Amino acid sequence: MNLTGANFIAGVPSQEGTATFTSVNPRTRQPGAVRFHNATAEEINRAATAAAEAFAQTRLYPAARLAEFLDVLVEEINALGDELLTTADMETALGLPRLTGERGRTTGQLAAFAKLLREGSYVEAIIDTALPDRQPAPRPDIRRMLVPLGPAAVFSASNFPFAFAVCGGDSASAWAAGCPVVVKAHPGHPATSELFAQAVNRAITRCGFPPGWFSLLQGNTAEVGQILVQHERIEAVGFTGSLRAGRAIFDTASRREHPIPVYAEMGSVNPVVILPGALATRMEALAEGFVNSVTLGSGQFCTNPGLAFVLDGEQTQPFIDLVREKMSARAPGVLLNESIERGLSAAVTTTQARPGVATLTGGEAVAGEAFCYANTVLQTRAVDFTADPLLQSEHFGPVTLLVVCADLDELLAALGALHGNLTATIQGEADEGALAATVYAVLREKVGRLIWNGFPTGVEVVYAMQHGGPYPATTAPGTTSVGMTAIKRFLRPVAYQNLPDALLPPALQNANPLGIWRTLDGELTKVAVR
Ligand code: NAP
């Protein structure tokens, strides 16, 4: 397939900007052949305006029509074939097995949203029928449902070139909601992004959707994203990446004359608490599983376990030694790009300089052609951790900080000092239930997902998934960016009071023509309103 290096504004290739950049192969640091053009302010304006024009049509599309688009998009992504995998591998060094799995996850979540739409109950129809005889005043008929929010800006993540990118979870959930999408591609994988854009545009043509349903903006400067978020026709933002960028985008959106919601998923260190019983009964397996999780994907997961707490005891030092040995014995993986390598180096150096922090292994970039950082284990005491918020900084790579707690009080104080995270994990034995309950009670207030005897990497795309958490894990702790309820970020409720049946949307009409689940006078049911 021919790559152009252009932006795609409502289906039309456009390269008006003079500033250009290329892909960089993380294994060799060699630039790719195609030059990609930074989107200009005028191109961004055209994309956002076309999205608003498209929304005038798509906001009234029935769910079945949106579902058809998602299904056709799956076909078009699959039709990209191996070129999608090899292109993404060249740009990210994530490897073909991982990328093959990630493609399946990406098409799987598009298909899952199509299924959700066809079932139809996601609009959360609620009907409270009128009480004309109520005293002292009659109650009106009130019916409420969710409707699409409007054009969404989506920022691709560097570390998921498929699943959190052009056709990833943010775009899939916004499209499922009925919202056009303008994607700011990540400069780490511009060629992959263009391939996806071609697939989306083909799906749009096949389904007869308005071309403004999707635009792709390329760019390697914060300016492109900033202009997009400030555009008055953009109504919501989905973002995955650093705390610095996510916070900047959130602040910009809040300062707008017409502020908009920003669903930013940012830094997380995903604490793991290892209880004494687990250490005593399965130390080897625990160390192996932990190191697997820390080094998976070169540690470049938002769910990477960057922090582990152990209570001081007989098994503690042997466990720490085992983790150190296993981490140093593994060959470090390739990192996504130079900025990740530089950022990781700076973050670890800052942590190493904090009082009470020891480096057990690693702690430096690995010289050579590839972007690479040594598998790193840092250690500190709970008292130092509790006193120093900087020790909660994310080290985006194969790095973990072990925190040794003298007793339960120190452990609970350290956990109580935690900032918001995506996940928290407890490793324990069945007879440690009371202790685990005490620890979970503290952790629940800090995270979006609690895990028992597992590891946080690996996020299932299912209805019940919660991939979010209190700030700084996200800017919107009431939402998730993974799983079917992610659609709610791009919907808003509207209540209809005393409207005649014919003026109501089908989801709220008396006969329940869509056959969906509705809450009728407090009861969940599919029956018609009499
Ligand atoms: P990033 O720096 O957060 O960038 C993500 C996207 O936001 C890029 O498209 C970037 O555009 C844009 N952006 C950056 N600053 C912006 C600003 N002030 N205003 C508007 N847009 C802005 O993420 P990254 O490049 O993937 O990696 C950098 C660091 O982010 C990593 O080292 C890691 O610490 C963290 N990270 C965390 C996660 C996670 O899930 N927790 C995932 C990925 C990365 P440009 O690049 O064109 O400037």
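In what order do the seven strands of the open sheet stand, and what is the pairing? The order is S14-S15-S16-S13-S12-S17-S18, and the pairing is mixed. Strand S14 (358–361) and strand S18 (447–452) stand at the edges with a single partner strand each, so one side of each has no neighbour in the sheet. From one strand to the next the twist averages 20°. Such angles are taken between N-to-C directions and run from 0 to 180 degrees, with axes that are lines fitted to C-alpha atoms, for helices over the stretch in contact.

This is a predicted model, in which local features need pLDDT of at least 70 and side-chain atom pairs count only at pLDDT 80 or more, while totals for chains, interfaces and linings use all residues. Residues are numbered from 1 along each chain as its sequence is written, and side-chain values use heavy atoms, with hydrogens and water left out. Helices (H or I, at least four residues) and strands (E, at least two) are DSSP runs numbered from the N terminus. Two strands pair if DSSP finds at least two bridges between them.

In the parallel sense, S12 pairs with strand S13 (residues 307–311) over four bridges. Within S13, Phe309 is the bridge partner of Val273. S12 also pairs in the parallel sense with strand S17 (residues 421–427), over three bridges. There, Gln427 in S17 is the bridge partner of Ile274.

In a regular strand the side chains alternate between the two faces of the sheet. In S12, Pro271 and Val273 point one way, Val272 and Ile274 point the other way, and all are buried (under 20% relative accessible area; exposed is over 50%, partly exposed in between, with a 1.4 Å probe and protein chains only).

Ala358 stands opposite Gln379 in S15.

Another open sheet has five strands in the order S19-S6-S5-S20-S21, also with mixed pairing. Its edge strands, strand S19 (491–497) and strand S21 (523–525), each pair on one side only. Neighbouring strands of this sheet are turned by 25° against each other on average, direction ignored. Strand S5 (residues 126–128) and strand S20 (residues 518–520) run parallel and are joined by two bridges. Leu520 in S20 is the bridge partner of Ile127.
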